[in-house]
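Thanks for coming. I have one structure to go through, so please look at it along with me.

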Amino acid sequence: MSNEVDELQKLAEIPFTNLNTIMKKLLFLAVLTLTGSLFFQGISKQEQEPEPNLILSTEAALPDDVKAVVDKKCYGCHNANSKNEKGKAKLDWDALDGMKKSKRKAAMGEIAEVLEKGEMPPKKFLENKPEGALTEAELATLAQWSSGKKK
Amino acid sequence: MFVVIQFIPNELPPTTQQNTGDISTSGLVSKEIADLLKTSCYSCHSNETNYPWYSYVAPTSWLMKKDVSEGREELNFSTWLDYDTTKMLGKLDDISSEVGEGRMPMKIYTLMHPSAKLDETQRASIVAWAEETMDKIAEEEEEEEVEASDN
């Protein structure tokens, strides 16, 4: 009991400047972890991306122009680690390459339809992020590819 | 009130019984599957809708109009042959997941039409059919592509 009281007294005696340095140290630590985690995320992403290309045949890989649009406008929600559960369930670009042909083509058919109806990106999403909309050129690129027709 | 809303115009989507582009003419469905689709899906997903008496009475008539037109737009077995192969694959993939995960037929529909309910075996056979047919279509398409490149 008396020990506890002693400790409390000690705590109370910590000068304000000390507290300040403790806070600074904590803040520094927080910043360090944050930048650290960002750094590692960057690395793991770089390592992850080329992987699928090694496995898949050239036929399955996305054409460069399609991939550019997908990365910019679709991948944010439609990826294997997406927090947007609905988006991930409907379409996961990371899984597309590993699919058998019928399934991959089916996904393309569904993409083509969603684009035709103008359902993606969702209206609600665009309310907060109007710059996320597909430009006409981007839409044409995706539509051409997903229709499965050769140019 | 009930009498008043009967005068609000509400045109139900038209029906046709003989459809040359119907999936049953495509050679993709067995008699068993065709019958299952007819009993459980055709009311909304074909032009062969059977409108019950309450389809003509507001407010159920409004719901009927909405569900049938949306259903046909999403998937119409009567105009199946109008879909290109990519679209067909997309539709079959959707059928497989919607039926397999129990979202279709819709509860509100089976409530009014208990005979349209699918038991587990029927559900499984529709899913199996959809998956097999996807493989079949994808294979046929591949053969055609090979033939085209040979010529």
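Across the interface of chain A and chain B, the rule finds 9 residue pairs in polar contact, both residues at pLDDT 80 or more. A polar contact here is a pair of N or O atoms within 3.5 Å; within protein, one must be able to donate a hydrogen and the other to accept it, and residues adjacent in sequence count only if both atoms are side-chain atoms. On the chain A side, helix α7 (residues 101–116) gives the largest share of what touches chain B, 11 residues. Helices are DSSP runs of H or I, at least four residues, and strands are runs of E, at least two, numbered from the N terminus. By class, that side of chain A has 3 nonpolar, 5 polar and 10 charged residues. Ala, Val, Leu, Ile, Met, Phe, Trp, Tyr, Cys and Pro count as nonpolar, Asp, Glu, Lys and Arg as charged, and the others, Gly among them, as polar.

This is a predicted model: local features need pLDDT of at least 70, side-chain atom pairs count only at pLDDT 80 or more, and totals for chains, interfaces and linings use all residues. Residues are numbered from 1 along each chain as its sequence is written, chains are lettered from A and ligands numbered from 1 in the order in which they are written, and side-chain values use heavy atoms, with hydrogens and water left out.

How many salt bridges does the rule find across the interface of chain A and chain B? There are 8, counting a side-chain nitrogen of Lys or Arg within 4 Å of a carboxyl oxygen of Asp or Glu. One salt bridge joins the side chains of B:Glu74 and A:Lys117, at 3.3 Å, N to O.

Contact, meaning heavy atoms within 4.5 Å, takes in 18 residues from chain A and 17 residues from chain B.

Now the cysteines. The count is 0 disulfides over all chains, a disulfide being a pair of cysteine sulfur atoms within 2.5 Å. For A:Cys77, the closest cysteine sulfur is in A:Cys74, 9.4 Å away, too far for a bond. For B:Cys44, the closest is in B:Cys41, at 9.5 Å, again too far. B:Cys44 is buried, with a relative accessible area of 17%, whereas A:Cys77 is partly exposed at 25%. Buried means under 20%, exposed over 50%, partly exposed in between (1.4 Å probe, protein chains only).

Last, a loop residue. B:Asn76 lies between α4 (60–74) and α5 (85–100) of chain B and is buried, at 7%. Leaving aside neighbours within four places in sequence, B:Asn76 is in contact with B:His45, B:Ser46, B:Asn47 and B:Tyr83.
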